[in-house]
Amino acid sequence: MLTEADLSAIVVTLKLATLTTLILLLLGTPLAWWMSRTRWRFKFLLEAVIALPLVLPPTVLGFYLLVALGPKGPVGALMETLGARPLAFTFTGLVIGSVIYSMPFVVQPLQDAFTAVGRRPLEVAATLRASPLDRFFTIAIPLALPGFFTASVLGFAHTIGEFGVVLMIGGNIPGETQVLSIAIYDHVEAMEYAHAHWLSGVLLLLSFFMLLAVYALNHRFRVLRP
Amino acid sequence: MKIEARFRINRGDFRLDVDLNLPGQGVTAILGPSGSGKTTLLRAIAGLEHYPGGKLKVGGLCWQEGKNFVPPHQRPLAYVFQEASLFAHLNVHRNLEYGLKRVPKADHKVSLAQAISLLGIEHLLERKPETLSGGERQRVAIARALAVSPQLLMMDEPLASLDIKLKQEILPYIEMLHQKLDIPVIYVSHSPDEVARLADYLVLLEAGRVVATGPIHEILTRLDLPLASDSEAAAIVEAFVSGHDETYHLTHLDFAGGQITVTRNTLPLGSPARLRLGARDVSLTLEHQSRTSILNIFRATVDGITEQGNAQVIVRLLAGGVPILSRITRKSADELGLKMGKPVFAQVKSVALLT
């Protein structure tokens with residue numbers, strides 16, 4: 001069965017995934033909106049940067065984050081002069097890493113959803129006296145709702161599954177930075193296959209049911225599209 | 001109210017250069033082939049597109065000039081797009097309310113109930129847009145636009161995406177709008193037929209330039225413009241119902257040039273009616289024919305003649321000052337000795353009541 005350390009790994013993981021998803025929705029919504037509207041020539045540059053974690057080995061991303069966040073890195077040094085603890089091997093560092101690592105999984109579905117809404121409904125709303133902000137909240141967001149759902153689930157699920165980045169910058173501090181995937185790795189290293197089975201099973205079911213929800217609901221949402 | 005619009009738009013492959021003075025009442029139609037810049041002009045007036053350097057004044061208020069640009073949501077207009085573009089996440093009722101809720105109470109001139117009943121959509125209120133037919137959707141879109149009590153209603157080919165049957169279903173509603181509500185309309189169309197039914201004032205646009213502007217009955221009958229030479233060329237005559245003949249089941253209508261008789265209709269006495277006289281249905285004689293089956297004969301004078309091809313001519317006539325077109329053969333014109341100012345009798349074989 002699950003040990004206390006296993007349970008705390010689950011808690012840390014869920015906490016990390018929830019926080020990461022919330023931050024990504026807050027940051028990703030305006031970013032995705034802007035990217036779906038702008039005619040900026042160099043938009044492709046930003047798109048490539050955001051998509052980078054899709055192809056970059058997580059250890060590479062983790063390594064650069066470690067260098068940046070560590071006491072000798074630019075961010076870490078800044079933190080130190082401000083009297084704060086360096087972020088490497090902390091939960092906060094883990095959140096920062098996860099946000100970057102899961103960014104494309106949130107921003108891309110949102111951008112696609114906003115693009116699918118198109119200009120026309122917003123133009124109609126403009127001729128019906130709605131200000132730009134009003135149009136965004138009463139037309140763009142409701143029409144892009146399926147995209148928000150997909151973005152949340154993918155961002156959440158992808159954060160739960162991360163390993164390489166966590167290993168590099170989070171370390172393995174039980175109760176603080178030890179997440180599920182690391183705990184499983186530890187169990188396997190220690191030949192505790194029964195524990196590894198339990199945790200892997202939890203992760204498998206969690207991931208499967210989340211994807212199930214995405215596909216089931218996306219099907220329902222699609223019926224609502226014009 | 002008056003609308004002054006000046007736009008110079010140069011988008012490489014497309015240019016629009018207009019300087020317009022439009023009446024702020026009745027229906028003004030912008031007519032032109034596709035690609036002539038009609039929609040671009042309408043979007044510029046609505047402020048959906050910002051073209052720097054443009055100048056736009058509506059009813060004394062400046063909507064655009066120099067650095068000053070009033071964004072579309074602050075302009076007291078409404079816009080009906082070619083596709084209904086209803087909000088898919090709201091039902092019909094909430095679509096109708098969307099604009100209404102954003103207009104200050106003091107500016108409410110058209111009530112929601114009035115907009116709903118004018119367009120006959122009472123039975124659709126709880127429905128979702130995707131369950132409506134194309135015609136129903138467009139009627140909801142028009143009602144939604146009216147519900148903001150606009151000072152200017154803009155319609156961009158609202159019938160273009162509908163088939164003939166649906167067009168006939170919606171046209172009467174649009175005709176009724178400017179009779180029941182005193183809202184000036186700018187109506188973009190590529191169909192002279194639609195325009196003949198709806199418009200009071202016409203702007204002819206071609207390749208981004210204004211070819212002619214003026215009252216509809218003038219523009220339709222001007223021999224120097226392409227409309228008069230069209231195979232469907234027709235004149236528009238405004239008349240009013242002067243009597244019904246119950247014995248023969250006919251209705252008489254009077255206009256400045258005389259009386260026109262059509263089959264009995266239900267219009268009350270004195271009500272205005274718009275008639276369409278096709279150029280090919282008007283023939284000319286020098287004497288009043290009495291032994292003829294044609295009922296509609298009135299005096300007119302020749303106001304201009306232009307050749308159409310080798311065999312035919314288009315004659316512009318004035319009947320009591322009202323311009324009418326007649327298409328006859330060149331041979332007939334020569335035999336009658338038609339020339340400017342010559343008095344003739346116009347015989348009209350068939351008249352369409354547009355109202």
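Predicted model: local features only at pLDDT ≥ 70, side-chain atom pairs only at ≥ 80, totals over all residues.
I take buried to mean under 20% relative accessible area, exposed over 50% and partly exposed in between, with a 1.4 Å probe and protein chains only.

**Chain A overall**

I looked up secondary structure, where helices (H or I, at least four residues) and strands (E, at least two) are DSSP runs numbered from the N terminus, and found 11 helices and zero strands in chain A. Its C-alpha trace spans about 65 × 45 × 30 Å along the principal axes, and buried residues make up 46% of its 226 residues. Taking contact as heavy atoms within 4.5 Å, I noted that, of the contacts in chain A between residues at least 6 apart in sequence, 72% join residues at least 24 apart.

**Helix H7 of chain A**

I checked H7(A), residues 132–143, which has 12 residues and reaches 15 Å from its first C-alpha to its last, close to the 16 Å expected at 1.5 Å a residue; the expected span is 1.5 Å times one less than the number of residues. Which residues of H7(A) are buried? I listed Arg135(A), Phe136(A), Ile139(A), Ala140(A), Ile141(A) and Leu143(A). Their cover includes H1 (4–37), H5, H6 (120–127) and H8 (145–160) of chain A, together with H2 (92–100) of chain B.

**H3 against H4, chain A**

I then took the axes, which are lines fitted to C-alpha atoms, for helices over the stretch in contact, with angles from 0 to 180 degrees between N-to-C directions. The axes of H3(A) (residues 58–69) and H4(A) (residues 74–81) come within 4 Å and cross at roughly 30°. I therefore record H3(A) as roughly parallel to H4(A), since angles under 35 degrees count as roughly parallel, over 145 as roughly antiparallel, 65 to 115 as roughly perpendicular and the rest as oblique. Val67(A), Ala68(A) and Leu69(A) of H3(A) meet Pro74(A), Val75(A) and Gly76(A) of H4(A).

Leaving aside neighbours within four places in sequence, Gly76(A) is in contact with Ala68(A), Leu69(A), Gly70(A) and Pro71(A). Its C-alpha lies 6.5 Å from that of Leu87(A), 11 residues away along the chain.

**Nonpolar cores**

I define a nonpolar core as a set of buried Ala, Val, Leu, Ile, Met, Phe, Trp, Tyr and Cys residues joined through side-chain atoms within 4.5 Å. In the largest one, of 130 residues, Leu146(B) and Leu153(B) touch the most other members, and H5(A), residues 91–117, gives the most to this core, with 12 residues. Apart from it I found another core, of 30 residues, among them Ala239(B), Val241(B), Leu336(B) and Ala346(B).

**Thr285 of chain B**

My last entry is Thr285(B), which lies in strand E16 (residues 282–285) of chain B and is buried at a relative accessible area of 11%. Beyond neighbours within four places in sequence, I found Thr285(B) in contact with Val344(B), Phe345(B) and Gln347(B).

Conventions
Residues numbered from 1 in each chain as written. Chains lettered and ligands numbered in written order. Heavy atoms only, no water.
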